[in-house]
Amino acid sequence: MKTVVIGLLGVQLDQPRKSRDRWATWRPSVGICQQDDLIVDRFELLVERRYSTLAAQVVTDIETVSPETTVRSHSIALDDPWDFEEVYATLHQFSRDYPFDPENEHYLVHITTGTHVAQICLFLLTESRHLPARLLQSSPPATRTRARNSATTSVEGTYQIVDLDLSRYDQLATRFSQEHDEATSILKRGIETKDEAFNTLIDRIERVSLATQAPILMTGPTGAGKTQLAKRIYELKQSRRQIEGPLVEVNCATIRGEQAMSTLFGHTKGAFTGASAARAGLLKSADGGMLFLDEIGELGLDEQAMLLRAIEEKQFLPVGSDRPTQSNFQLIAGSNRDLVADVAQGLFRDDLLARINLWSFRLPSLAERRSDIDPNIDFELQQYTRTTGDKVTINQEARNKFLAFAIDPATSWKGNFRDLNAAITRMATLADGGRITVELVDEEIVRLRANWRAPSAQQDADQVLTNYLGIDAVDSIDRFERTQLADVIRVCRENKTLSAAGRELFQASRRAKARPNDADRLRKYLARFGLSWADLQ
């Protein structure tokens with residue numbers, strides 16, 4: 001493959017102080033073509049138009065010392081070589097126009113010449129692969145000596161090639177991998193999650209959190225962990241020194257009404273009745289830091305309009321003031337509502353949604369992450385120990401039973417991680433000797449099911465059956481049979497004899513029988529579930 005060097009003409013370094021000294025002076029563009037172990041097949045020399053005379057001399061000298069090198073000059077126009085925007089745009093256009101042929105040529109970008117701005121731009125274009133090349137850095141010799149008795153031998157210096165593909169550097173790749181693992185561990189609170197979709201989500205949140213100060217919107221059901229994740233994002237950015245101010249958090253559902261404006265944006269003294277002193281407000285308190293507005297959909301339209309201005313202009317008007325207050329914060333918003341539907345109903349501003357929806361992440365419910373319940377049990381037990389100082393464990397039989405219940409598709413986990421936290425906390429608190437037993441698990445399962453079901457015939461039925469059969473037996477009965485069996489038990493409880501209960505239960509079908517035996521039919525039905533008339537009295 002051919003080797004192609006791309007570089008800027010060095011208006012200082014490539015021009016000797018005196019023309020007769022040009023062979024005794026280190027000149028980067030010429031010297032790079034004199035290296036014994038680097039054969040340059042072509043040199044693409046970028047030249048500002050006003051330095052065409054110097055460029056012609058350098059081209060001639062390169063062809064003299066390296067006849068195998070073809071030099072092609074490219075005229076570029078730079079009014080101000082220190083204007084970053086102008087230099088970058090010019091070099092970017094060159095990268096777009098140049099006919100790269102990476103199948104047959106490999107490219108080196110010479111970053112020794114040109115202004116520091118030009119060198120930075122070449123680096124950025126190479127790193128972004130607009131220039132599909134490696135970096136070439138040349139240096140003068142350690143001891144500068146005059147070339148001896150030769151009109152065509154100059155000081156060549158040394159060079160170094162740098163490949164910006166970090167995957168080629170094992171130690172760097174390992175280090176970045178460790179930093180990535182540390183970042184995701186912070187976001188996952190150190191829990192070794194197994195759910196593949198959730199891990200992918202966390203990886204994306206990590207990348208976005210470290211790459212931008214733009215608002216982030218987290219949606220998902222109540223209890224899915226939005227508040228905890230917002231805190232972890234803050235900790236991550238703080239650990240990377242991307243944020244110095246405080247984390248200010250508020251649930252917007254708690255500040256609806258007249259106090260919302262004052263709480264968020266502050267007020268001046270005397271702004272309204274009872275305003276005996278000025279108040280900074282939460283947005284000002286978050287200056288230089290992060291503001292987490294949970295349940296942002298609960299804000300009124302007026303507060304939404306003020307918030308939009310604060311996000312876009314970094315300023316807002318406190319209540320009662322005609323002077324804007326400055327505050328620069330990163331916003332993380334949380335919501336369990338469908339904000340798009342709220343916009344359609346006129347409950348949420350579409351311009352605010354557009355502004356905070358640049359990066360939107362939906363946190364899955366616990367029921368969608370059943371494979372992560374097992375490691376979260378250990379995490380909740382560790383949290384209990386940190387909070388109370390009491391170490392509590394769960395025996396294997398009890399753990400297996402709780403997991404079987406937890407991962408069952410019929411288990412709703414309506415409160416998500418709040419329910420899991422509450423369940424582990426209750427069992428840990430009641431654990432004698434610091435050990436959670438099967439009996440405690442059974443008791444907790446009954447409690448959770450009762451909490452999740454709204455008052456209904458099914459809830460009552462399951463409670464009745466659990467009282468007589470126990471939780472394991474109830475779990476083995478299909479749902480459509482539970483209601484029927486519970487109704488049979490209720491009728492038996494309301495009648496004094498087996499025969500009377502049978503007559504009530506079989507009042508339609510018994511008419512078709514010449515000699516109905518309702519008591520026997522009922523006795524056999526109860527026996528199917530291990531029950532007798534005596535059990536129900």
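1. Strands E1 and E2 run parallel and are joined by five bridges. Here strands are DSSP runs (E, at least two residues) and helices likewise (H or I, at least four), numbered from the N terminus, and two strands pair if DSSP finds at least two bridges between them. Within this pair, Leu-8 stands opposite Leu-46 in E2.

2. This is a predicted model, in which local features need pLDDT of at least 70, side-chain atom pairs count only at pLDDT 80 or more, and totals for chains, interfaces and linings use all residues. Residues are numbered from 1 along each chain as its sequence is written, and side-chain values use heavy atoms, leaving out hydrogens and water.

3. Strand E1 (residues 2-8) also pairs with strand E4 (residues 105-110), in the parallel sense, over six bridges; Thr-3 is opposite His-106 in E4. Six of the seven residues of E1 are buried, that is, under 20% relative accessible area, where exposed means over 50% and partly exposed in between (1.4 Å probe, protein chains only).

4. Strand E2 (residues 42-48) pairs with E3 in the parallel sense over seven bridges. The bridge partner of Phe-43 in E3 is Val-71.

5. Taken as a whole, the open sheet has six strands in the order E3-E2-E1-E4-E5-E6, with mixed pairing. Strand E3 (70-76) and strand E6 (158-162) are the edge strands, each pairing on one side only.

6. Phe-84 is found in helix H3 (residues 84-97). Phe-84 counts as partly exposed because its relative accessibility is 40%.
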